[in-house]
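Let's take a friendly walk through a protein model, looking at what sits inside. Keep the structure in view as you read.

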Amino acid sequence: MNPSVSYNVSSSPHIRSPLSTGQVMYDVILALMPATLFGIWHFGVHALFVVLMSVASAVLTEFVFDYLTGRGNTLYDGSAVLTGLLLALCIPASVPLYVPYIGSVFAILVVKCLFGGLGKNFMNPALGGRCFLLLSFGSAMTNYAVDGVSGATPLAQLDSGAAVNLVQVFTGHAGGVLGCSAFALLLGGLYLWVIDAIPWRIPVSILVSFAVFMGLFGGDGFDLPLLCLHMVSGGVFMAAFFMATDPVTSPVTAPGQLLYGCLVGLLSAFFRAFGSSADSVSYAVILSNICVPLIDELVIPKPFAYRDSAADAPFTFDRKALLPPVCAVVCVLAVSVGLLRGVAGVTAGVVEQRQLSENLTAYRVLLPEAVDFSIPGETAKAIEGLNGAAWGSGFGNAVIQEAVSGTDAVGASAGHVVTVRTMDGRDGPITLSVGFLPDGTLNGILYSELNETPGIGMKVEEDAFTGQFVGIPAGTLTLGSDIDAASGATISSTAVVNAVNAAIDFHIAYGDMMD
Amino acid sequence: MIERTFRGGVHPDDGKAYSRDAALTVYEPKGELVFPVSQHIGKPAKVAVSVGDRVLAGQVIAQQDGYVSSNIHSSCSGTVKAIEKRRTVMGNLVECVVVESDGKFRTVKGMGAKADFRNMNRETILQRIRDAGIVGMGGASFPTPVKLEPKNPDGIEYVIVNGAECEPYITCDDQLMRTHAGEIVTGLEVILSLFPKAQGVIVIERNKPEAIAAMTEAAAMSKNIRVQPAPTKYPQGGEKSIIKVVAGKDTKMSQLPAEAGCIVDNVSTVYAIYEAVCLATPLIRRAVTVTGPAVRNPSNFIVRVGTPFRELLEAAGGLVEGAEVRKAIAGGAMMGIALPDLDVPVQKASNALTLLTVDGAEESERKLTACIRCGRCNEVCPMGLTPQMMGVAAERKDYQKYENRLYGLECISCGSCTYVCPAKRPLMQLFKDAKGAILEARRAAQQGGGAK
């Protein structure tokens, strides 16, 4: 034995668990595989490209950032792969490939790296990327097409009052984002739970509080099938098991995790009931992420020996340190809400007039008796609830844009106009308005957007074609029998008839509420 | 029935397979033996011999100095070669009495004389334990007589024999319980005779079925002694964990076990009490495990205090061919002290020499990432602390928050948080630094106050 040998000297413990940060990330990636594979199978090969693009650009962005800033390679921790995969799973499978690319770059570069990299980001990078994409590419991000056929998401259908099959939605056989199978997500979530990779408190408190608050705010009470439907759609499972449980952006203490889960559930339900349904959960999680440092400070558990005496609270509460930030948050929220309500009240009329004036000329032509036009609140809310999704089924990709009602000189109803935009034109989108007279007949159509090829598709603009839509009953029209196609412009004619039918169908559903 | 356990804890690979079935064998040292005068918590003992003196095994060579202190005995016969500062397992230089052994191990007169504790009064028993220089042999090395004289002896409900041996790799207590169960039960009866209202509880982890069987059999005749098996979970053998398991109470750092109605003594300590009271033998020998993947013949030895660790490794057959020792540990892998080399003596509280070929701390430096805030450390802390936040506060040197809001001084240094951390944060190191700085500042403030 060599007497000069010197062994390592360090603080105990001298053995460590085999678990590493990389292993933690790969466990989550593994847990996401059922949802990923289902998404690729359900939506087709383009979904695979979306996943690959998202993951590859996330990894590349982190690599380039590490290289340029000389931080040393951090890819081995697996967090970039996970962020890319999570992002891919919460965008529609039909998006052009630049969408996941931009989303991943934003998620990794802006949300994660610029705030200090792994462990330092203040919100979930994948959700940050998703919300950035929602704001930047609204239409692509809400175009939920399966095999090229657009369909409304279960939530949009729910909002519009259509019947939805709970089992189909649960298994993922419905429109939605790439990772839309609640069943596959649940499988992965349970796996993480079993291997102790996520604290049970977060998913449980999210799901329970979401159900409770949805029952309170949703307007339908505690209707079990409906609540279940809300739970399995719109990314609730994704958030509960994968997004909100991201350790970096969730609280580290047991009471903090419960508080945080309840906050996510509350905000999700609140946003879904009163805001835009598709993004409610994403924004709820992000807002709760931002509250995490505060929650962590709010409830620090006491050691066991200090906890059990009945006189003591089980956690420390530093009033002096916490009062200012809590007060600040409450005040800012109160002032903002007050201001927004005030501004909304003042500007509501102006906004409506401005919207109207754009199409006023068209409306006057379609409803010649009308002297005054208004946007009825009920239908406006319904259209907003659709969130850009196509109306009904069988009308192609036709989106209801606006519904106005006209009143004549004596204040009686002069009919309605419904504006539809279809993506099925031969050379681009077509937007048209349909006039409905009070006697239940159509009073013609007018285009406000038409880019068809002159001499072919453009023939749908000719009076010979449009004239057919005047004076006929407002019931579903069939090309060939009710309406003759413009000669040599079958595709464009089909698109127009489908769009008009969508408007008629919408008018059947909401016409009564417009006066 | 679900066995009682404490909250938190971890399940490291216990590594006991190396030495668990190696029978206890006596190892007699060859050359010089080294006796640090401070092998216990409290005041160092006063050297009572001079260079050149002849000493016998069992002779006091350093006298207890004050109430919280302990006698040091020579464990061999021979000549005092030097009295000088030497490095000990603690890593610091301590005054040591160096005895050149004559290889005969002649003992002082009267040592080994059998006596029945039932014929002794309380003071005689305590005096024998005091004279024998017994300290906590599980690692804490707190003078045992001090523990046995609580303010309110009638308030003691449980005398707990700590046979959990939750530290990975170590098996000496296991072997001692298997082979000396009767003596340990007698030792426990000695302690119980001091606390007439108390019940004796022997706590053993489930991974030692032979020890559980042996102790249960030995205790069968004693009405107020029972064996309580406990789930195998680290740190089951921590004083606070074992009190929780037996008495169901959580204790603060400032609370002595006696305040929770408990006296806790390690298996080896109870055996030493038996030897001291019933065999008039001071604490000069103890069971030591030499183990780990690097050791050729992992062994459990009865060793004389003062024997260099290097000799024990040789006695265990040296290293496995081609094995490279990355870490040598006095004690176990979770709480033991890393040794730079093996030229330090076995002390009263040395229960093992563990030689690892893979150093977890070294590996951790390679795998280190930023804290991902997963909260696993908070889940496993047996004290209910928040190591994640303590780590952040310690890193920022925010000692005010560390101490007052996070109760960082309640940390028992079990290392569970550091073991479980996937980001491989050096939490234990941070806490040791923080606790050191806080206690240092407190001392400085007290001295400053005294000077005024």
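## The largest core

The largest nonpolar core has 227 residues, and B:Ile160 and B:Met215 touch the most other members. A nonpolar core here is a set of buried Ala, Val, Leu, Ile, Met, Phe, Trp, Tyr and Cys residues joined through C-beta atoms within 7 Å. Helix H7 (residues 267-278) of chain B gives this core its largest share, 9 residues. Helices are DSSP runs (H or I, at least four residues), numbered from the N terminus.

Among the contacts of B:Ile160 are B:Val201, B:Ile242 and B:Cys262, leaving out residues up to four places away in sequence. Contact means that two C-beta atoms, placed from the backbone, lie within 7 Å. A second, separate core has 46 residues, including A:Leu386 and A:Val496.

This is a predicted model: local features need pLDDT of at least 70, side-chain atom pairs count only at pLDDT 80 or more, and totals for chains, interfaces and linings use all residues. Residues are numbered from 1 along each chain as its sequence is written, while chains are lettered from A and ligands numbered from 1 in the order in which they are written.

## A buried glycine

Is A:Gly189 buried or exposed? A:Gly189 counts as buried because 23 C-beta neighbours lie inside 10 Å (buried takes 20 or more other C-beta atoms within 10 Å, exposed 12 or fewer, and partly exposed is in between; C-beta atoms are placed from the backbone).

A:Gly189 belongs to helix H9 (residues 182-194) of chain A. Beyond four places away in sequence, A:Gly189 touches A:Ala31, A:Pro203, A:Phe237 and A:Phe241.

Conventions
Helices (H or I, at least four residues) and strands (E, at least two) are DSSP runs, numbered from the N terminus.
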